[in-house]
Amino acid sequence: MTTVAALLDVKGHSIVSVGAQASVLDAVRLMADNGLGAVLVTSGADVLGIFTERDVMRRVVAQGVDPAVTPVSTVMTAAVVTCLPATTLDECGAIMTSREIRHLLVADSQGLHGIISIRDVLAHRTAEQESTIRFLNEYMFSARG
């Protein structure tokens, strides 16, 4: 079973964050510039929450909030879900599905290691399945030779 630590070793450990007083507009621009669906909201070294595309739709657009003047901390998701580096990707998929979330912070007693998304989990599963299919194809066709 592949762990989150192994995924982060391939994906990278970089984390994009904004300060709590950054405007929603600045946060959305940062997300767009980096091709991300979420950014962490921080105050110094403390993680206060996560701001996601869902937050934009539900708490900004749907509510008619002005993104240029609204601090991201007022519309973020404060309840951040974390997992350990040793957590398997199957466990992460189950957590994301049951909690109806798309992002998990990876942290332990040594601190924050990164963030993974459901896209990362699905991409890894797809790559594993493609590898299995390739192996089985080679096995089946080489056995006939």
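Let's start with the sheet: three strands, open, in the order 1-2-3, with mixed pairing. Keep in mind as we go that this is a predicted model. At the edges sit strand 1, residues 17–19, and strand 3, residues 46–52, and each of these pairs on one side only. On average, neighbouring strands here are turned by 35° against each other, if we ignore direction.

Let me stay with strand 3 for a moment. Its pairing with strand 2, residues 38–43, is antiparallel and runs over six bridges.

Now, the cysteines. How many disulfides does the model have? The count comes to zero. Cys83 is in no disulfide, and the nearest cysteine sulfur, 4.0 Å away, belongs to Cys92. Cys92 is likewise in no disulfide, its nearest cysteine sulfur being that of Cys83. The cut-off here is 2.5 Å between the sulfur atoms, so at 4.0 Å Cys83 and Cys92 are not counted as a disulfide. Are these two buried or exposed? Cys83 is buried, with a relative accessible area of 6%, and Cys92 is buried too, at 0%.

Last stop, friends: the surface. Phe135, Leu136, Tyr139, Met140 and Phe141 form a nonpolar patch there, and together they have about 580 Å² of accessible area. Of these, let me pick out Leu136, which lies in helix 5, residues 118–144. Leu136 has a relative accessible area of 45%, so we call this residue partly exposed.

How values were computed. Residues are numbered from 1 along each chain as its sequence is written. This is a predicted model: local features need pLDDT of at least 70, side-chain atom pairs count only at pLDDT 80 or more; totals for chains, interfaces and linings use all residues. Side-chain values use heavy atoms; hydrogens and water are left out. Patches are made of residues with over 30% relative accessible area and no salt bridge: like charges are joined within 9 Å, nonpolar side chains (Val, Leu, Ile, Met, Phe, Trp, Tyr) within 5 Å. Accessible areas come from the Shrake-Rupley method with a 1.4 Å probe; for residues, only the protein chains shown count as cover. A salt bridge is a side-chain nitrogen of Lys or Arg within 4 Å of a carboxyl oxygen of Asp or Glu. Helices (H or I, at least four residues) and strands (E, at least two) are DSSP runs, numbered from the N terminus. Buried means under 20% relative accessible area, exposed over 50%, partly exposed in between (1.4 Å probe, protein chains only). Two strands pair if DSSP finds at least two bridges between them. Axes are lines fitted to C-alpha atoms, for helices over the stretch in contact, and angles run from 0 to 180 degrees between N-to-C directions.
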